[in-house]
Amino acid sequence: MTAAELATLHAACFTTPRPWSEAEIADLLASRFCFLIEEPAGFLIGREIAGEAELLTVAVDPAARRQGLGRRLLAGFAAEACARGAETAFLEVAEDNTAARALYAAAGWRVSGRRRGYYHSPDGRAVDALVLSLALAPPSI
């Protein structure tokens with residue numbers, strides 16, 4: 001997918017946090033630290049720096065949800081992060097995003113912190129972010 005296609009899909013998936021623009025996505029993907037995991041109806045952007053991976057965003061077309069795509073994207077993230085040398089991973093998720101929180105919990109992510117008022121909904125309401133973390137298997141020698 002192009003950055004424009006990724007941005008269009010991201011906009012179909014998010015209001016809180018706000019969707020990312022084509023330019024924001026292109027800038028991220030231009031970084032040597034960032035990586036993209038793609039499926040026909042979804043994508044994930046992550047980055048790895050100094051042994052720590054961050055899941056920046058995951059977007060699955062609303063019409064393709066609950067079919068295992070999110071799980072595959074998360075598995076791809078973990079594999080790529082490990083291949084790049086990450087030992088731990090983290091992400092932020094809106095506290096009220098119960099579907100994403102259930103997906104992450106099923107994949108072994110655990111709450112490790114809270115960022116109060118981190119997100120703002122379209123109506124201006126502040127939404128806490130939960131910081132989730134995941135221990136990654138070290139690469140085998």
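Modeller: A strand is a DSSP run of at least two E residues, and strands are numbered from the N terminus. Glu 92 sits in one of them, strand E4. Keep in mind that this model is predicted.

Colleague: Why is Glu 92 called buried?

Modeller: Buried means under 20% relative accessible area. Glu 92 has 17%, so Glu 92 is buried.

Colleague: What does Glu 92 touch, leaving out residues up to four places away in sequence?

Modeller: Contact means heavy atoms within 4.5 Å. By that test, Glu 92 touches Glu 54, Arg 115, Tyr 118, Tyr 119, Ala 129, Leu 130 and Val 131.

Colleague: Glu 54 is on that list. What makes Glu 54 count as buried?

Modeller: Its relative accessibility is 12%. The cut-off is under 20%. Therefore Glu 54 counts as buried. Glu 54 is found in strand E3.

Colleague: Which residues does Glu 54 contact, neighbours within four places aside?

Modeller: Ile 45, Gly 46, Arg 47, Phe 77, Phe 90 and Glu 92. Take Phe 90: it is 36 residues from Glu 54 along the chain, yet their C-alpha atoms are separated by 5.0 Å.

Colleague: How do you know that the length of helix H3 agrees with its number of residues?

Modeller: H3 covers residues 69-83, which is 15 residues. The expected span is 1.5 Å times one less than the number of residues. That gives 21 Å, and the end C-alpha atoms are 21 Å apart, so the two agree.

Colleague: Which residues of H3 are buried, and what do they pack against?

Modeller: The buried ones are Leu 69, Gly 70, Leu 73, Leu 74, Gly 76, Phe 77, Ala 81 and Cys 82. They pack against strands E1, E2, E3 and E4, and against helix H4. Just after H3, Gly 85 takes a positive phi of about 100 degrees.

Colleague: What makes a group of residues a nonpolar core?

Modeller: They must be buried, nonpolar types such as Leu or Phe, joined through side-chain atoms within 4.5 Å. The largest such core here has 25 residues. Those with the most contacts inside it are Leu 44, Leu 55, Phe 77, Tyr 104, Trp 109 and Leu 136. E1, E3, H3, E4, H4 and E6 each give two or more residues to this core. H3 gives the largest share, six residues. A second, separate core has 14 residues, including Leu 9 and Trp 20.

Colleague: Why would such residues gather?

Modeller: In soluble globular proteins, nonpolar side chains tend to be buried together.

Colleague: Are Cys 13 and Cys 34 buried or exposed?

Modeller: Cys 13 has 18% relative accessibility, so Cys 13 counts as buried. Cys 34 has 8%, so Cys 34 counts as buried too.

Colleague: How much space lies in the largest pocket, and which element gives the most to its lining?

Modeller: About 910 Å³. Strand E3 gives the most, with seven residues. The lining holds 33 residues, and Val 58, Asn 97, Ala 100, Leu 103 and Tyr 104 lie nearest the centre.

Definitions and conventions. Residues numbered from 1 in each chain as written. Predicted model: local features only at pLDDT ≥ 70, side-chain atom pairs only at ≥ 80, totals over all residues. Heavy atoms only, no water. Helix = DSSP H or I, 4+ residues; strand = E, 2+ residues; numbered from the N terminus. Buried < 20%, exposed > 50% of the residue type's maximum accessible area, 1.4 Å probe, protein only. 1 Å grid on protein atoms, 1.4 Å probe; cavity = no way out; pocket = protein on both sides within 12 Å on 5 of 7 lines; lining within 4 Å. Points joined across faces, edges and corners; volume = space filled by probe spheres on them.
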